[in-house]
Amino acid sequence: MTDYFCIIAVILYTVHGAPTDLFHSTQNCGYESCNPVKDGMINVHLVPHTHDDVGWLKTVDQYYYGDQNDIALAGVQYILDSVIPQLISDPSKRFIYVEIAFFARWWREQTDSMRHIVKGLVAEGRLEFILGGWSMDDEATTHYNAIIDQHTLGFDFLRQNFNDCGRPRVAWQIDTFGHSREQASLFAQMGFDGLFFGRLDFQDKANRLKKKTMEMIWKGSPKNLGQTSELFTGALYNQYGPPSGFCWDFDHCDSSPIMDDERLHDYNVPTVLADLFKAVNDQAVHYQTKHIIWTMGSDFQYDNANVWYKNMDKLIKYANALQANGSNINLLYSTPSCYLYQLNKAGLKWTTKEDDFFPYSNDPHSVWTGFLTSRPTLKYYVRRTNNFLQVTKQMDALAMLEDTDNSTYNINILKEAMGVAQHHDAVSGTEKQPVAYDYATRLANGVNECQKVINDAYGKLMPLGSQKPPSHQFCTQLNISFCAVTENNKMFQLYIYNPIARSVEYYVKLPVVGQTYSVIGPDGTAIETQVLPISPDTMRIPERNGSLATNELIFPTTLQPLGFTTYFIQMEADKKTNPNHATKIKHLSKSGDSDDIVLENLFISLTFDHQTGRLKNMKNKRNNISINMTQEFRFYYGFDGNDSRDELQPSNSYIFRPNGTQTYNCSTPSLTTKTYYTEPGELVQELHQTFSPWVTQTVILYENARFAEFQWTVGPIPIDDKLGKEVISKFTTDLKNNGFFYTDANGREILERRRDHRDTWALNLSEPIAGNYYPINSRIFIQDQIANVQLTILNDRSQGGASIQDGEIEIMVHRRLLNTVSLGEALNETGSDGKGLVVRGSHYVFLDTVEASAALHREKAEELFMAPQLSFTTEQTKYSDWSKNFRTMWSGVKQALPPNVHLLTLEQFAGTGPAPSQSQPYLLRLEHMYEADEDPTLSKPVNVSLQELFTTFEITSATELTLGANLPLSQLERLKWMSADGLDTESTDDQDSYLKYQGLKLHDSLTVTLTPMQIRTFQIEIKIRQQFKQSKPDSI
Ligand SMILES: [Zn+2]
């Protein structure tokens, strides 16, 4: 194999000569455009690059323009302005650009002639897009839905402006704080040939350097997707900066320039070359091939690119000149993909990895697990906004809104805001406070724009005749029971859009001022309701200031699959007319009854101690499982230090460093838990707990639910003692999990975690708490294999968590820290009243057998991240009048999808898709929601017929695309790699160096098969169904 590659190398690279005329060149991008290497020598790939954070210390706009340079000296526009002339002047020069959020801003400002020049540079591989996402997303706190979307957005920009030469071949996660296996799997499915990153645990790095395994094949989905999820992965030697002494940025570095006039006193070429050879050899000894990569650049560098390039020109010239004297070191301008290509050509067998790179520690006391929970309300807002974006895209597609409706423009505003929010200093919570506000403002603006799209879609989907429906209003603070529409109107209509293509049972909870309400459902029948007082923990949230509501109206709904359902709500004057709806509320006294309090429905029961009000037992009644379980809130004191040495590392927005292993009770000694609860036999039972003035909780059990919801309200975290605190919700059981626990990766596959252990090296843990924390994007569970019991907890946003002792699960919910060393400011969110942020969230707790649990948590996780979207109108109308003019329920699918299939994407392609199209194509993604061994039935492969799927349009043809929707799958070729374990199918003696794919191109049968965890992406051509054209709703 090696010989074969050498022959190719000679043919390819001895004839290489970069054309100098930009305007007459043929497309020569990709691996063929790489500068020549020298076989037998150590080739040093100099990769000029800039790392441009899409917001961090400054906002994304401030970084772009170079505003607020007293905060950080950085102006991205000048970087691109400055680099392009350098590339034009010399065909051997290279530059990579990564963050499309910035590049798209710059591109908009350019003249046609400059765009033409830049297209020429891209076509020749001199300017290369690497990664190509809207941002370099965080990997620990992001959801896969948003990761896929933000890459699709960046890829779409590149495809439309640069065609295939704009398609990135290499992923580049150089600064993210640890690395997720799911991200690697998604990258492989997007068609990337490889991934490079900068940060890995210091012990892991030392071990890999010693064993020469910094570069490997990462198996992104070993149980489910196999080869299609494997990704060649390289850990960079110098994180992502240049070697010491070789940094020549005008604004950010202080290495001596190369002073090469021998007549001058400061002539330093011999010194520089001696340092160079030492640095090259120091690095090369830890890597397997004759190639090493030098990342020549760093944060916001190259705003005066000449300084970098002039010195690198000299470095290359003088170093390579020594080859005549026998030196075996060869320097060249290169890119990550050109480096990757040489690794591939080396024909080696590489080690494999099956776990992930979490948690990341850069020294014994700096474990980066604090950011898993930092800025919990921003994390929640990002998750909810993803939900809203999916709803908007679906409704835009189902209603077939046209560009005249401005929907594409409006949706793009939210897509871009979401792309920015996935950045590794955005949803991660590691940005400065004003930047966090900027991210939230962008999301809010995008949501406002998309509310217009939803209104337009309802305008098309609701009418039975010519009457136009009233405009919808939205309540974006229902999570804290605040909604002007439901509080100020005695009569209103509620529309619930369900973005899941299956019917969903959903309990509506609306803030109201009255005691009694009548609710009429979509078919005209009365719905059972319940009115409860708003819990004390909700009432104390300062952001509710202005709300009039004192009660919550609750009723059950059955929602149309991928469609809307309407409810007619009216306040009744006299509550005595409806005596059955009055809810009995029982207060728990301190002396109390002798009977414990039990919340119970058909499926589960929860028992609370009659004196303390704390949980003591949970039962699954169907499977006769009963475990002792307590739940409480405790906190760690965050360590405060000046960071002058490892042991003085403070806890901060990135790093979780508790002051010891001890946790503390949130209650002050004089205060006991106050509890009161509602009687059984209702739609919903609630138990209100007060742990301390700043920690309260409502435990909620719905009539038909298999889970209990623990809705917590935490904050303001007191700092009167000048000590930072990190608050956890802790569940303690008698389950024996033997040190193992399980967490999801980005909301998809489950990874096994083992306390005080890493799969690939012998761990020496100095931080026994923080070092056992892992990202929880959607769920964490422990199993007692002997008892066949699984306790599963789902969350509503990304958080950090662990099982520190057997039988325990702890999840960090909020942190407030006062140390200012890392960012110049504390992680001290103060909320709307300036007293300290109050955070509201929920944990959903399931108890069942091991084999029954996957079906529960997979379904609930989907319902959480694709929750129903509520909107309102306030017409003074009766159901009977209304239903003459408007549909009261409607579904976008002819039949529900199978229970293991998730409709991941349904949207209009903003431009046109990558496959030739006769009309405006759509983008469709279907996903198998289960892993291979999770459920006896639901883990099986499943077929979906596209032909008869949607009600408003039929699908006439479908072309399968890569996951990032930038290439027909049949055109994808990925570099093949051989693994040392010999298990890969590509390690055959097949002479083709590329992996080929067989994308489905469907015309006739239009039936798609999905295997466990598979996502299939289609560009679909659609034809409007005749019935919809004629607006005869009853038949669709
Ligand atoms: Zn960064």
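## The sheet around E18 and E19

In this predicted model, strand E18 and strand E19, the latter covering residues 551-559, pair in the antiparallel sense over four bridges.

## A parallel sheet and its helices

Another open sheet of three strands has the order E8-E1-E9, and here the pairing is parallel. Its edge strands are E8 (291-296) and E9 (329-333), each of which pairs on one side only, while the twist from one strand to the next averages 25 degrees. Strand E1 (residues 42-48) is joined to E8 by six bridges, and Asn43 has His291 as its bridge partner in E8.

Helices are found against this sheet. Helix H9, made of residues 269-284, lies across E1, E8 and E9 and runs at about 120 degrees to E8. Helix H11 (residues 336-345) packs on the sheet as well, where it touches E1 and E8, and its direction makes about 170 degrees with that of E8.

## Two helices in contact

The axes of helix H3 (residues 76-89) and helix H10 (residues 305-321) come within 8 Å and cross at roughly 35 degrees. On the H3 side the contact is made by Ser82, Val83, Gln86 and Leu87, and on the H10 side by Ala305, Asn306 and Tyr309. Sorted by class, this contact has four nonpolar and three polar residues, with no charged residues.

## Strand E50 and its two faces

In a regular strand, side chains alternate between the two faces of the sheet. Strand E50, which spans residues 1007-1010, has a covered face with Val1008 and Leu1010 and an uncovered face with Thr1007 and Thr1009. E50 pairs with strand E44 (residues 942-945) in the antiparallel sense over four bridges, and Thr1007, from the uncovered face, is the bridge partner of Ser945.

## The surroundings of Trp694

Trp694 is placed in the loop between strand E28 (684-692) and strand E29 (695-702). Its relative accessibility is 10%, and Trp694 therefore counts as buried. Once its neighbours within four places in sequence are left aside, Trp694 is in contact with Arg540, Phe635, Cys666, Thr713, Val714, Gly715, Pro716, Ile717, Pro718 and Val727. Ser481 is 213 residues from Trp694 in sequence, and the C-alpha atoms of the two residues are 18 Å apart in space.

## An annotated domain

An unreviewed UniProt entry places the feature "domain: Glycoside hydrolase family 38 central" at residues 366-443. In the model, that span is 63% helix and 3% strand, and its end C-alpha atoms lie 32 Å apart.

## Confidence along the chain

The mean pLDDT of the protein chain is 93, and 93% of its residues reach 70 or more. Over residues 1-25, however, pLDDT stays under 50, and the model has 42 contacts beyond four places in sequence for this stretch. Residues 1030-1036 likewise stay under 50, with 13 contacts beyond four places in sequence. Where pLDDT is low, the predicted coordinates should not be read in detail.

Technical notes:
Residues are numbered from 1 along each chain as its sequence is written. This is a predicted model: local features need pLDDT of at least 70, side-chain atom pairs count only at pLDDT 80 or more; totals for chains, interfaces and linings use all residues. Side-chain values use heavy atoms; hydrogens and water are left out. Axes are lines fitted to C-alpha atoms, for helices over the stretch in contact, and angles run from 0 to 180 degrees between N-to-C directions. Contact means heavy atoms within 4.5 Å. Ala, Val, Leu, Ile, Met, Phe, Trp, Tyr, Cys and Pro count as nonpolar, Asp, Glu, Lys and Arg as charged, and the others, Gly among them, as polar. UniProt positions are given in the numbering used here, feature names are shortened, and annotations may be inferred rather than shown by experiment. pLDDT is the predictor's confidence in each residue, from 0 to 100. Two strands pair if DSSP finds at least two bridges between them. Buried means under 20% relative accessible area, exposed over 50%, partly exposed in between (1.4 Å probe, protein chains only).
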